[in-house]
Amino acid sequence: MAQPFDDLMRKNKIMDKPLIYLFVLAIFWGCSSTPKNQNAINSAGPALEASAAGEMVPEYRLGFGDVIEIKFFRNSQFDETVAIRPDGRISLAKVGELRVTGMTPAKLDTIITDAYREVLLDPEVTVMVREFGGYQVYVLGEVNAAGGFSVKPNMTLLQAIATAGGTKISAQLASVMVLRRGVNKGVDAIKVNLTKSVKGKHREDIVNNDILVQPQDIIYVPKTLISNVSDFMRQVYAGVLPPLDLYLRSIIIYDSI
């Protein structure tokens with residue numbers, strides 16, 4: 001059985017971090033320019049640039065957390081507004097469950113229309129996305145209000161943590177972990193030392209040690225130092241770091257199927 005992560009790291013010193021630093025720095029950073037460290041790029045950027053250049057922009061694809069409205073012309077009793085579950089499915093009356101993640105709204109429109117042909121005569125269906133659940137970042141660990149939050153344009157790691165109510169006294173900002181989808185449905189782990197950003201006296205110290213977040217990022221603020229990223233990921237996949245393991249599986253694994 002895997003040894004608990006906290007026991008492995010309990011010899012490390014926990015540093016106290018005043019909460020006021022995070023809020024002041026988040027406001028300070030929000031008024032500054034885009035950071036030079038662009039290890040993470042907001043996904044809205046390339047799409048906007050492509051649109052401005054007159055190039056084709058990929059059609060939006062449905063993901064976990066999206067809320068979709070399904071309307072039936074002449075058969076309003078079948079109208080539904082549903083959220084896509086962590087397993088990538090929705091449930092509809094008379095049809096049952098459908099896996100919809102990765103589909104475009106137009107594709108889902110066709111599938112639902114075909115499914116209801118066995119129930120209705122010449123069904124006419126319209127699918128509309130009402131809420132984009134995929135444009136969220138999840139902040140967990142030693143923060144005061146863990147959960148999912150909407151990604152703002154050019155949102156940084158410090159801003160995301162501040163949105164989650166700031167850190168607890170036990171937070172270890174020298175080992176903040178950012179988990180995000182990688183290639184081939186994998187998961188990339190990025191270790192970020194935010195100590196310089198919190199304690200920095202100059203704007204460059206703050207900006208150069210902060211990164212931009214991406215939609216669906218999972219930000220984990222630990223209470224102990226993390227010395228090895230690979231060991232950390234093994235602990236996550238072993239399920240000994242709840243609720244991080246639950247978030248990882250529901251947000252990244254299920255949504256990428």
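Guide: What follows is a short tour of this predicted model, from the whole chain to some of its parts.

Visitor: How many helices and strands are there in the chain?
Guide: The chain has nine helices and 10 strands.

Visitor: And how much of the chain is buried?
Guide: Of its 257 residues, 43% are buried. The accessible surface is about 13500 Å², and carbon and sulfur atoms account for 54% of that.

Visitor: Let's pick a strand. Which strands pair with β10?
Guide: Strand β10 covers residues 218-221. Strand β6, residues 136-141, pairs with β10 in the parallel sense through four bridges. Strand β8, residues 176-181, runs antiparallel to β10 and is joined to it by three bridges.

Visitor: Which residues of β10 are the bridge partners of Gly141 and Met177?
Guide: Gly141 is bridged to Val221, and Met177 to Tyr220.

Visitor: Which way do the side chains of β10 point?
Guide: Ile218 and Tyr220 point one way, Ile219 and Val221 the other, and all of them are buried. In a regular strand, side chains alternate between the two faces of the sheet.

Visitor: Change of topic. Where is Ile112?
Guide: Ile112 is in helix α4, which spans residues 105-115.

Visitor: Is Ile112 buried or exposed, and why?
Guide: Ile112 counts as buried because its relative accessible area is 0%, and the cut-off for buried is under 20%.

Visitor: What is Ile112 in contact with?
Guide: Beyond its neighbours within four places in sequence, Ile112 contacts Ile70, Phe72, Leu92, Leu98, Val125 and Val127.

Definitions and conventions:
Residues numbered from 1 in each chain as written. Predicted model: local features only at pLDDT ≥ 70, side-chain atom pairs only at ≥ 80, totals over all residues. Heavy atoms only, no water. Buried < 20%, exposed > 50% of the residue type's maximum accessible area, 1.4 Å probe, protein only. Helix = DSSP H or I, 4+ residues; strand = E, 2+ residues; numbered from the N terminus. Pairing = 2+ DSSP bridges. Areas by Shrake-Rupley, 256 points an atom, 1.4 Å probe, with all protein chains shown as cover. Contact = heavy atoms within 4.5 Å.
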